[in-house]
Amino acid sequence: MLQDLPGFDKSVKTTSSEYGTMGRVFLFTNENIGGYCAKTNLVGKDVLAVGASGDHAFESLFDGAKSVDTFDVNFTQKPVIELKQSMIQELPYENFMDFFFDKENFFDQRILQPIWNDLPNSVHALLNLYYSRAERGKRMFYYDGINPNKNHYDKIRYLRSQESYEKLQEKLQGKDIKFTHCDIHGLGATLHKKYDVIMFSNIFDFLYADIADNMQAFNAFYQRVLCPISKNNLSTDGGQIFLHYMWGQHAQKRSKMLEDWQKFCKMFNRKNSGRGQSLDTMPVPSMSRQTHMDNVFVLQQQKIK
């Protein structure tokens, strides 16, 4: 069982309203990671990212990051990341695309035969569980990659073409994507490394559902998560935290959240002027809606002069 594998921390308790320490997994991102990576110089940088599908790590390495460490409260994401990394490093582009995106070949074990014996134990455990469940195995995933709107995945840059896939193959050689089984509230006490860039995806959405007021929720996130993380793990030389990815503000709730976030930024930046940190918003093209923009909330650590 996955819970018996090295790296699974039985002491971890989730503070998320959506995700447990074991459960359904993401195979691919549903956010435009490349949209904000492209606005950030990641060459030679140390990155910390939520584990999820592994795409935050892969997109960061695609852009030249020196190292990427990941964390996730859901331990089942670890073998997903390891499976994708093994395939990218060792198998051709067409094999990878067939395995994840072709209805007839989805998770076809024959595609993995050339690398089966070299796959990590956690990957074997995940795949054996999937194959033992037959068609019910797809319930292990939030979505299975067989999406009629293939354009949705074209914003994942390493999937766009054989050339981009081979670029990531090259970047991955010799890289070890470290995974830590950890809840976000325990990161500052668990990790002891400084990072230039930290990526939290949309974890914020599932932390403070009991706080109806956005301003109070933002303040709770800053005090409980961002303060210890920025103190213990963020580079003081211009470090950045992409602290929340907010999907297109076309919905009323999202529009109000963006409005309140901008008010929070203005208040925070006024109070903290000269103290070394600022908050901002970075708009990026939506992953799936061509006429909409998503918004990334950013904490910026000022560079040491």
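Let me start with Ile-203, which sits in the loop that runs between strand 4 (197-199) and helix 9 (214-233), where helices (H or I, at least four residues) and strands (E, at least two) are DSSP runs numbered from the N terminus. Please keep in mind that this is a predicted model, in which local features need pLDDT of at least 70 and side-chain atom pairs count only at pLDDT 80 or more, while totals for chains, interfaces and linings use all residues. Residues are numbered from 1 along each chain as its sequence is written, and side-chain values use heavy atoms, with hydrogens and water left out.

Is Ile-203 buried or exposed? Its relative accessible area is 17%, so Ile-203 is buried, a word that means under 20%, with exposed over 50% and partly exposed in between, for a 1.4 Å probe and protein chains only. Leaving aside neighbours within four places in sequence, Ile-203 is in contact with Val-50, Phe-71 and Ile-184, contact meaning heavy atoms within 4.5 Å. The C-alpha atoms of Ile-203 and Ile-184 are separated by 8.4 Å, and these two residues are 19 residues apart along the chain.

Now for the rings and charges. Phe-26 is also buried, at a relative accessible area of 18%. As for charges, Arg-24 lies over the face of Tyr-142, at 4.5 Å from the ring centre, and Lys-167 lies over the face of Phe-62, at 4.1 Å from the ring centre; the rule is that NZ of Lys or CZ of Arg is within 6 Å of the ring centre and within 35 degrees of the ring normal.
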